[in-house]
Amino acid sequence: MSTASLKRDHALIEKVLKSMWSTIPLLKSGTTIPEPILNQVIDFSLNFTDVCHHGKEENSLFPELEKKGMPRNSGPIAVMLMEHEVTRKIATRMEASSKTYLKNGDATQLIVDMQEYINHVVQHLWKENNRLFEMAEMALRNDVDQVNKSLQDVEDTKLKEIGKTRQDYENFAEEFTKQFPPQE
(Lines give C-alpha, C1' and ligand atoms only; values in the text may rest on other atoms or scores of the structure.)
Protein backbone atom coordinates (compact mmCIF):
# COMPACT_ATOMS: atom_id res chain seq x y z
CA MET A 1 0.00 0.00 0.00
CA SER A 2 1.41 3.33 -1.04
CA THR A 3 -0.05 5.13 1.97
CA ALA A 4 1.13 2.68 4.65
CA SER A 5 3.88 4.93 6.06
CA LEU A 6 1.48 7.88 6.14
CA LYS A 7 -1.10 5.81 8.02
CA ARG A 8 1.65 4.81 10.45
CA ASP A 9 2.36 8.52 10.98
CA HIS A 10 -1.33 9.12 11.57
CA ALA A 11 -1.46 6.43 14.25
CA LEU A 12 1.49 8.07 16.04
CA ILE A 13 -0.04 11.55 15.72
CA GLU A 14 -3.40 10.29 17.01
CA LYS A 15 -1.67 8.68 19.99
CA VAL A 16 -0.11 12.02 20.94
CA LEU A 17 -3.37 13.91 20.32
CA LYS A 18 -5.26 11.61 22.70
CA SER A 19 -2.75 12.25 25.46
CA MET A 20 -2.80 15.97 24.69
CA TRP A 21 -6.56 15.84 25.18
CA SER A 22 -5.96 14.26 28.60
CA THR A 23 -3.87 17.25 29.65
CA ILE A 24 -6.68 19.76 29.07
CA PRO A 25 -8.74 18.93 32.20
CA LEU A 26 -5.51 19.01 34.19
CA LEU A 27 -4.63 22.45 32.85
CA LYS A 28 -8.18 23.64 33.59
CA SER A 29 -7.88 22.42 37.19
CA GLY A 30 -4.57 24.19 37.68
CA THR A 31 -2.33 21.13 37.50
CA THR A 32 1.05 22.07 36.08
CA ILE A 33 2.23 20.35 32.92
CA PRO A 34 6.03 20.15 33.22
CA GLU A 35 7.98 22.32 30.81
CA PRO A 36 9.96 19.42 29.25
CA ILE A 37 6.72 17.59 28.45
CA LEU A 38 5.03 20.66 27.01
CA ASN A 39 8.10 21.48 24.94
CA GLN A 40 8.09 17.94 23.52
CA VAL A 41 4.40 18.24 22.63
CA ILE A 42 5.14 21.47 20.77
CA ASP A 43 8.19 19.92 19.07
CA PHE A 44 6.10 16.92 18.00
CA SER A 45 3.35 19.19 16.63
CA LEU A 46 5.68 21.55 14.78
CA ASN A 47 8.31 19.09 13.64
CA PHE A 48 6.96 15.57 13.38
CA THR A 49 3.40 16.39 12.35
CA ASP A 50 4.19 19.36 10.15
CA VAL A 51 7.77 19.18 8.90
CA CYS A 52 8.04 15.39 8.61
CA HIS A 53 4.52 14.09 7.99
CA HIS A 54 3.15 17.01 5.99
CA GLY A 55 6.50 17.14 4.20
CA LYS A 56 6.01 13.53 3.07
CA GLU A 57 2.58 14.36 1.72
CA GLU A 58 3.56 17.66 0.11
CA ASN A 59 6.87 16.52 -1.36
CA SER A 60 6.00 12.95 -2.30
CA LEU A 61 2.35 11.84 -2.21
CA PHE A 62 0.75 14.95 -3.69
CA PRO A 63 3.24 15.24 -6.60
CA GLU A 64 2.69 11.54 -7.37
CA LEU A 65 -1.07 12.11 -7.40
CA GLU A 66 -0.60 15.13 -9.65
CA LYS A 67 1.27 12.92 -12.14
CA LYS A 68 -1.84 10.72 -12.20
CA GLY A 69 -4.03 13.69 -13.07
CA MET A 70 -5.24 14.92 -9.67
CA PRO A 71 -5.09 18.73 -9.76
CA ARG A 72 -3.13 20.60 -7.10
CA ASN A 73 -5.19 23.80 -7.24
CA SER A 74 -8.60 22.22 -6.65
CA GLY A 75 -10.11 19.10 -5.18
CA PRO A 76 -8.61 16.96 -2.43
CA ILE A 77 -4.98 18.11 -2.74
CA ALA A 78 -5.95 21.78 -2.56
CA VAL A 79 -8.08 21.09 0.54
CA MET A 80 -5.27 19.15 2.24
CA LEU A 81 -2.73 21.89 1.48
CA MET A 82 -5.07 24.53 2.90
CA GLU A 83 -5.62 22.41 6.01
CA HIS A 84 -1.86 21.92 6.42
CA GLU A 85 -1.54 25.73 6.51
CA VAL A 86 -4.26 25.92 9.18
CA THR A 87 -2.44 23.23 11.19
CA ARG A 88 0.79 25.25 11.00
CA LYS A 89 -0.94 28.44 12.15
CA ILE A 90 -2.62 26.76 15.11
CA ALA A 91 0.61 24.97 16.08
CA THR A 92 2.49 28.27 15.98
CA ARG A 93 -0.17 29.88 18.19
CA MET A 94 0.01 26.87 20.52
CA GLU A 95 3.77 27.31 20.76
CA ALA A 96 3.32 30.97 21.72
CA SER A 97 0.58 30.23 24.27
CA SER A 98 2.70 27.44 25.79
CA LYS A 99 5.53 29.95 26.33
CA THR A 100 3.06 32.32 28.00
CA TYR A 101 1.79 29.48 30.18
CA LEU A 102 5.31 28.47 31.17
CA LYS A 103 6.17 32.08 31.99
CA ASN A 104 3.10 33.10 34.02
CA GLY A 105 1.06 29.94 34.64
CA ASP A 106 -2.00 31.20 32.75
CA ALA A 107 -3.25 28.23 30.72
CA THR A 108 -6.36 29.93 29.28
CA GLN A 109 -5.07 30.50 25.73
CA LEU A 110 -3.04 27.29 25.71
CA ILE A 111 -6.21 25.30 26.44
CA VAL A 112 -8.07 27.06 23.61
CA ASP A 113 -5.19 26.50 21.19
CA MET A 114 -4.75 22.85 22.16
CA GLN A 115 -8.44 22.14 21.75
CA GLU A 116 -8.50 23.83 18.35
CA TYR A 117 -5.35 22.02 17.25
CA ILE A 118 -6.59 18.60 18.36
CA ASN A 119 -10.04 19.05 16.80
CA HIS A 120 -8.59 20.34 13.53
CA VAL A 121 -5.96 17.61 13.18
CA VAL A 122 -8.38 14.80 14.12
CA GLN A 123 -10.79 15.92 11.40
CA HIS A 124 -7.94 16.34 8.92
CA LEU A 125 -6.57 12.86 9.58
CA TRP A 126 -10.04 11.39 9.16
CA LYS A 127 -10.39 13.03 5.72
CA GLU A 128 -7.00 11.71 4.66
CA ASN A 129 -7.54 8.19 6.00
CA ASN A 130 -11.06 7.80 4.65
CA ARG A 131 -11.02 9.85 1.47
CA LEU A 132 -7.66 10.93 0.12
CA PHE A 133 -5.76 7.75 0.91
CA GLU A 134 -8.46 5.59 -0.68
CA MET A 135 -8.13 7.65 -3.87
CA ALA A 136 -4.34 7.47 -3.64
CA GLU A 137 -4.36 3.69 -3.31
CA MET A 138 -6.36 3.42 -6.52
CA ALA A 139 -4.33 5.99 -8.44
CA LEU A 140 -0.92 4.73 -7.30
CA ARG A 141 -1.58 0.97 -7.24
CA ASN A 142 1.00 0.36 -9.98
CA ASP A 143 3.64 2.58 -8.35
CA VAL A 144 3.67 1.30 -4.75
CA ASP A 145 7.41 0.58 -4.49
CA GLN A 146 8.42 3.90 -6.04
CA VAL A 147 5.98 5.86 -3.84
CA ASN A 148 7.12 4.04 -0.70
CA LYS A 149 10.76 4.81 -1.50
CA SER A 150 9.94 8.45 -2.15
CA LEU A 151 8.01 8.74 1.13
CA GLN A 152 10.88 7.12 3.05
CA ASP A 153 13.43 9.42 1.40
CA VAL A 154 11.42 12.50 2.37
CA GLU A 155 10.98 11.21 5.95
CA ASP A 156 14.72 10.54 6.26
CA THR A 157 15.59 13.99 4.90
CA LYS A 158 13.08 15.85 7.07
CA LEU A 159 14.06 14.02 10.26
CA LYS A 160 17.72 14.70 9.53
CA GLU A 161 16.89 18.41 9.14
CA ILE A 162 15.07 18.34 12.50
CA GLY A 163 17.94 16.42 14.12
CA LYS A 164 15.76 13.60 15.42
CA THR A 165 14.82 10.08 14.49
CA ARG A 166 11.43 8.47 14.11
CA GLN A 167 12.34 6.41 17.17
CA ASP A 168 12.80 9.63 19.18
CA TYR A 169 9.22 10.60 18.37
CA GLU A 170 7.86 7.11 18.97
CA ASN A 171 9.63 7.03 22.36
CA PHE A 172 8.15 10.42 23.24
CA ALA A 173 4.64 9.25 22.28
CA GLU A 174 5.03 6.15 24.42
CA GLU A 175 6.24 8.08 27.47
CA PHE A 176 3.65 10.83 27.00
CA THR A 177 0.88 8.22 26.84
CA LYS A 178 2.12 6.63 30.06
CA GLN A 179 2.19 9.99 31.86
CA PHE A 180 -1.10 11.23 30.41
CA PRO A 181 -3.20 8.19 29.51
CA PRO A 182 -5.94 8.82 26.96
CA GLN A 183 -9.40 9.14 28.43
CA GLU A 184 -11.72 6.44 27.19
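Which residue with a positive phi follows helix 1? In this predicted model, in which residues are numbered from 1 along each chain as its sequence is written, local features were considered at pLDDT of at least 70 and side-chain atom pairs at pLDDT 80 or more, whereas totals for chains, interfaces and linings use all residues. Side-chain values rest on heavy atoms, with hydrogens and water left out.

The residue in question is glycine 30, which follows helix 1 with a phi near 95 degrees; helices here are DSSP runs of H or I with at least four residues, numbered from the N terminus. Helix 1 itself comprises 25 residues (4-28) and reaches 37 Å from its first C-alpha to its last, close to the 36 Å expected at 1.5 Å a residue, where the expected span is 1.5 Å times one less than the number of residues. Helix 3 (residues 75-104) has 30 residues that should span 44 Å at 1.5 Å a residue, which agrees with the 44 Å between its end C-alpha atoms. A glycine with positive phi also follows helix 3, namely glycine 105, with a value near 80 degrees.

Two packed helices are described by the angle between their axes and the distance between the axes. The axes are lines fitted to C-alpha atoms over the stretch in contact, and angles run from 0 to 180 degrees between N-to-C directions. The axes of helix 3 and helix 4 (residues 108-139) come within 9 Å and cross at roughly 160 degrees, which makes helix 3 roughly antiparallel to helix 4 (angles under 35 degrees count as roughly parallel, over 145 as roughly antiparallel, 65 to 115 as roughly perpendicular and the rest as oblique). The residues of this contact divide into 13 nonpolar, 7 polar and 6 charged, with Ala, Val, Leu, Ile, Met, Phe, Trp, Tyr, Cys and Pro counted as nonpolar, Asp, Glu, Lys and Arg as charged, and the others, Gly among them, as polar.

Helix 2 (residues 35-67) packs against helix 6 (residues 166-179) at an angle of about 135 degrees, with the axes 11 Å apart, and is therefore oblique to helix 6. The contact, defined by heavy atoms within 4.5 Å, includes Ile37, Phe44 and Phe48 of helix 2 and Tyr169, Phe172 and Phe176 of helix 6; its residues divide into 7 nonpolar, 3 polar and 3 charged.

Helix 2 also packs with helix 4, at an angle of about 25 degrees and with the axes 13 Å apart, so that helix 2 is roughly parallel to helix 4. Among the residues that meet are His53, His54 and Leu61 in helix 2 and Tyr117, His124 and Phe133 in helix 4, and the contact divides into 10 nonpolar, 5 polar and 2 charged residues.

The count of aromatic pairs comes to 6, rings of Phe, Tyr and Trp (its six-membered ring) being paired if their centres lie within 6.5 Å, with planes under 30 degrees apart counted as stacked, over 60 as edge-to-face and the rest as tilted. Phenylalanine 44 and phenylalanine 48 form a stacked pair, at 5.1 Å centre to centre and with 25 degrees between the planes; both lie in helix 2, 4 residues apart, about one turn of the helix.

Methods:
Helix = DSSP H or I, 4+ residues; strand = E, 2+ residues; numbered from the N terminus.
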